[in-house]
Structures are given as structure tokens and as C-alpha cells.
Amino acid sequence: MVMKLKYKLLKEEKDTKARLGQIETKYGTYNTPMFMPVGTLATVKTLSPEEVKEVKAGIILANTYHLWLRPGEDIVQKSGGLHKFMNYDGPILTDSGGFQVFSLASSKDISEEGVHFKNHLNGDSLFLTPEKSIEIQNKLDSDIAMSFDECPPASASYEYLKNSIERTLRWAKRGKDVHNNPNQALFGIVQGGPIKELRKYSAIETVKLDFDGYSIGGVANDGEDKDAMYKAIEYSTPYLPKDKIRYLMGVGEPIDIIEGVIRGIDIFDCVLPTRLARHGNALTKYGKINIKNSKYKEDFSPISKECDCYACQNYSKSYIKHLINCNETFGARLLSIHNIRFLIKLTEDLREAIKNDNILEYRDNFIKNYYGANHE
RNA sequence: GCGGAAUUGGUGAAGUGGUUAACACGCCGGAUUGUGGCUCCGGUAUGCGUGGGUUCGAUCCCCACAUUUCGCC
């Protein structure tokens with residue numbers, strides 16, 4: 001069966017740009033706004049595919065760059081594609097490797113043709129091009145492929161950003177021209193830093209290339225402040241077609257997901273819930289908590305009484321603290337399950353708020369709880 | 001009983017006759033936004049076994065005592 005993802009816009013919230021939508025894929029139909037857990041190396045770190053389903057995840061993200069290096073796209077292809085390889089029968093989006101080249105590679109040399117860089121594992125010299133990235137993603141057989149883009153630092157100058165956008169557009173076109181997996185959607189990426197006219201230009205020109213969906217990249221980079229991020233979204237979304245998915249790459253924190261949805265974003269991905277988990281942090285309605293704090297030593301209550309996740313249904317803070325303190329992987333797994341579930345539940349709540357046309361009220365209430373002083 | 005060695009924070013320990021006693025672990029906090037999983041950044045001994053002495057000054061030198069440890073009887 002050949003089937004490429006379809007997006008349907010169901011409703012726009014009364015006071016904001018928030019959208020309720022539906023994504024139909026070969027691997028099921030899901031509602032947006034949605035949070036996509038990150039599974040870089042064809043695994044959402046510490047979780048089994050069954051656990052990923054149990055937290056009601058839809059699309060998950062895997063990584064072209066990492067899978068190219070190990071085990072190699074040919075092996076994934078021989079196994080029957082990424083879904084079969086990792087035994088995940090939900091939809092998968094692959095990042096293009098653009099971000100990794102710019103965030104992980106030590107020395108890199110960007111030219112019109114592509115990027116020369118040394119990989120992060122053994123320093124081997126590698127060359128990645130837009131065509132190569134798409135070819136790898138075709139073979140991985142993800143449901144959504146991303147264009148190979150340049151992700152410039154937040155500190156980049158106007159001139160640099162302008163040239164970078166032009167090149168990213170040429171790269172997007174080149175990638176689209178070689179894309180040949182009929183089951184796979186291909187998304188374009190809007191760049192432009194925090195600058196209004198560059199975001200507008202990038203969005204308009206990217207849309208002209210006619211992709212299956214559009215993402216906003218280059219946000220939440222090296223200490224960029226939240227206001228700049230929100231502005232970058234506001235400067236981009238007015239030029240994106242309403243009948244296509246909008247994806248804010250690499251975000252994020254609960255408040256950023258809420259603000260993103262309010263500004264018209266449909267899907268998000270972020271390493272935050274799993275990384276925080278491995279470092280002993282849990283997301284809660286009343287803010288982030290550090291489970292290693294001594295005050296949880298004899299706290300036999302769950303992370304959250306309202307949470308329906310496996311960790312909260314069965315284990316106490318005291319126990320999880322003990323596991324994290326002892327560096328037991330089960331602790332990271334329980335916190336990962338909880339944190340991913342927390343963000344997915346957040347998007348479920350946001351969908352309700354859009355239906356009820358009260359998303360601003362929802363946001364204000366969320367902020368009051370999350371950033372309020374000393375709840376316990 | 002005789003002789004030797006040792007005694008520094010919660011732990012293992014470095015060190016010097018002269019401003020803030022190294023480092024590691026632990027502990028106490030913090031960070032983390034398209035992932036280089038098990039990371040990074042802070043804080044953590046008003047004190048160097050006890051009591052005397054030498055000295056301008058002692059954790060560092062001397063004496064006694066205590067404790068630990070090794071060897072011998």
C-alpha cells in the first residue's frame with residue numbers, strides 16, 4: 001500500500017492562531033497539536049516501542065545523521081525499513097542531519113555542494129549533501145523526511161543569515177528533485193534567525209517549492225531567548241499554507257509548546273523529556289523537580305497524583321530517587337516515561353482548550369502553576 | 001613486655017615552618033530545547049589524634065600520652 005501523510009485542519013481557536021488538526025498516515029491517524037518524542041538512534045532512549053505507545057505517542061523522530069554512521073542506511077533498508085528494524089508501527093519522522101552537522105561535527109566546511117566535516121565518533125572526514133541526506137532518508141523509509149538545511153547560530157549576522165537562507169533554499173530544491181519514496185512526505189525548513197524580513201522571505205520562498213509540510217528551524221539555539229523564539233514563529237507562520245503541517249523543530253519546554261501552539265504550530269519534537277529524565281528531573285504541573293533532592297528521600301508519593309503514566313501509577317519519588325542515585329537504568333526509564341507522557345498530556349489538554357476556545361486562559365493558568373512559588 | 005610505623009573532612013588520600021589544606025569519591029544544590037545516554041557547573045575540613053614545648057609564626061620540628069597497625073618475646 002502506497003500512502004503519503006495527509007493533514008486536515010479541523011478548527012482554529014477563536015482568539016489565537018492555535019489549530020486543531022488531524023494527520024492521517026500509513027501507520028494510523030493522529031491529532032495535532034502533537035509532541036514527538038526523540039529516538040535518535042532508532043530507539044526512544046530507555047523505552048521499548050510498547051512503552052512509547054503506552055504514553056500515547058504518535059510520530060517519533062529518528063536521525064539521519066546518526067543512522068547513516070551507525071548502523072548505516074543500507075542495513076536499515078535490508079532489514080525492511082526503519083519501522084521494521086526498530087519494531088515501531090507508528091509514524092516516524094527523520095531529521096535531515098543538517099542540525100547534527102552544525103551541532104556535533106568538530107570542524108566543518110560549508111560549500112554550495114554540501115558540508116565537509118569530521119564525525120563525532122572517530123573524527124573520520126565525511127561529506128553530506130542535500131541529495132545524500134534525502135537518499136539516506138528514502139532508504140530509511142521514514143514517513144516524513146526533512147530537507148537538508150543549514151542551522152546557523154543565534155549570533156549569526158544579517159549578511160550571513162541572508163546567504164545561508166539562499167543556500168538552504170537551493171539545497172531544499174536539490175533534495176526535492178532527488179526525493180523518490182512515494183510513501184514519504186518531505187518537509188521544507190524555514191530559517192532566518194530572529195529577523196522579520198528574513199523569516200518572511202524564507203517562508204515565502206520555501207512554500208514556492210511546494211513541500212508536504214513546513215517547519216521552523218533555527219530556534220532555541222545556543223541560549224536564544226524565548227521572546228526571540230516566539231517572534232521567529234510569528235514572523236514565519238503567516239506565510240505558511242493553512243492546509244499543511246507546521247513543525248517547530250527542537251522545542252521544547254512546556255511553556256514553549258504552549259506558546260508555539262498559540263502561534264499556529266502543530267507538531268514539536270524535543271530531547272528535553274528524555275534528557276531531563278536521565279539527569280534525574282521530572283516535569284510536573286508545578287514545575288520541574290529534581291528527584292535527587294534530599295527532600296524526596298522519604299517521599300513515598302508518586303511524582304504526580306494526577307498522572308496516568310506507568311511510573312506514577314506504580315512507583316514513589318523515594319524509589320525513583322533511589323534508582324537515580326544508584327545510577328540504575330530503570331530510574332531513567334521511569335522518568336522518561338513520565339516526562340514524555342507529561343508533554344503528550346500537555347498537547348492533549350491544548351487540543352481540548354482549542355475545542356473550548358479558551359487556550360489563553362489555559363496558558364495563564366499553566367504559568368501560574370508551573371512558575372508559581374513553592375507548591376508541593 | 002620490647003621495637004618500628006601510622007594518626008589530615010562522610011570516605012580514600014596529597015601536602016607545606018608563613019596569605020584561601022590539592023585531588024577523587026560521597027553528600028548538597030543547579031544546568032539541560034531538530035540528543036556526542038550514564039554529562040556539565042557550583043558548594044562542601046574555622047581544620048590536620050590529645051596535651052605540652054621550640055619558633056615572630058606549626059598541620060608540618062621536639063617531648064609525653066592515646067589509638068591503630070606490623071614485627072619480636
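Okay, let's start with two helices: H7 and H8 are roughly parallel to each other. "Roughly parallel" here covers angles under 35 degrees; over 145 counts as roughly antiparallel, 65 to 115 as roughly perpendicular, and the rest as oblique. Helix H7 is residues 158–178, helix H8 is residues 196–208, and they pack at about 10 degrees with their axes 11 Å apart. Those axes are lines fitted to C-alpha atoms, for helices over the stretch in contact, and angles go from 0 to 180 degrees between N-to-C directions.

Quick housekeeping before I go on. What you see is a predicted model, in which local features need pLDDT of at least 70 and side-chain atom pairs count only at pLDDT 80 or more, while totals for chains, interfaces and linings use all residues. Residues are numbered from 1 along each chain as its sequence is written, and chains are lettered from A and ligands numbered from 1 in the order in which they are written. Helices (H or I, at least four residues) and strands (E, at least two) are DSSP runs, numbered from the N terminus.

Back to our pair. From H7, the contact uses Leu161, Lys162, Ile165, Leu169 and Ala172, and from H8 it uses Leu198, Tyr201, Ser202, Glu205 and Thr206. Contact means C-beta atoms, placed from the backbone, within 7 Å. By class, that gives six nonpolar, two polar and two charged residues. The classes go like this: Ala, Val, Leu, Ile, Met, Phe, Trp, Tyr, Cys and Pro are nonpolar, Asp, Glu, Lys and Arg are charged, and the others, Gly among them, are polar.

Now let's zoom out. How is chain A divided into domains? Domain 1 is 6–270 and domain 2 is 278–371, with bounds that come from an automatic or database domain assignment. Their centres, taken over C-alpha atoms, are 26 Å apart. Across the boundary, 26 residues of domain 1 touch 25 residues of domain 2. On the domain 1 side, strand S4 (34–37), helix H1 (49–54) and helix H10 (254–262) each supply at least two residues, and H10 gives the most, six of them. That side of domain 1 has 15 nonpolar, three polar and eight charged residues.

On to the sheets. In general, strands of a sheet pair through backbone hydrogen bonds, either parallel or antiparallel. For two strands to count as paired, DSSP has to find at least two bridges between them. One sheet here is open and has eight strands with parallel pairing, in the order S4-S14-S13-S12-S11-S10-S6-S5. S4 and S5 are at the edges with a single partner strand each, so one side of each has no neighbour in the sheet. From one strand to the next, the twist averages 30 degrees. If you want a spot to look at, find S10 (residues 144–146) and S11 (residues 185–190), which pair through three bridges; Met146 has Phe187 of S11 as its bridge partner.

The other sheet I'd point you to is an open one of three strands, S1-S2-S3, with antiparallel pairing. S1 (6–12) and S3 (28–32) are the edge strands, and here the twist averages 15 degrees per step from one strand to the next. S2 (residues 19–25) is joined to S3 by five bridges, and Gln22 partners with Asn31 in S3. H14 lies across S1, S2 and S3, at about 125 degrees to S2.

Next, the RNA. Which residues come nearest to RNA strand B? Out of 48 around it, they are Cys151, Ala220, Gly250, Gly252 and Val271. "Near" means a C-beta atom, placed from the backbone, within 6 Å.

Most residues other than glycine have a negative phi, and most peptide bonds are trans. Thr32 and Pro33, though, are joined by a cis bond with omega about 5 degrees, and Pro33 is in the loop between S3 and S4. Val251 to Gly252 is also cis, omega near 0 degrees, and Gly252 is in the loop between S13 (245–248) and H10. Then there's Asn87, not a glycine, with a positive phi of about 60 degrees, in the loop between H4 (82–86) and S6 (92–95).

Technical notes. Contact = placed C-beta atoms within 7 Å.
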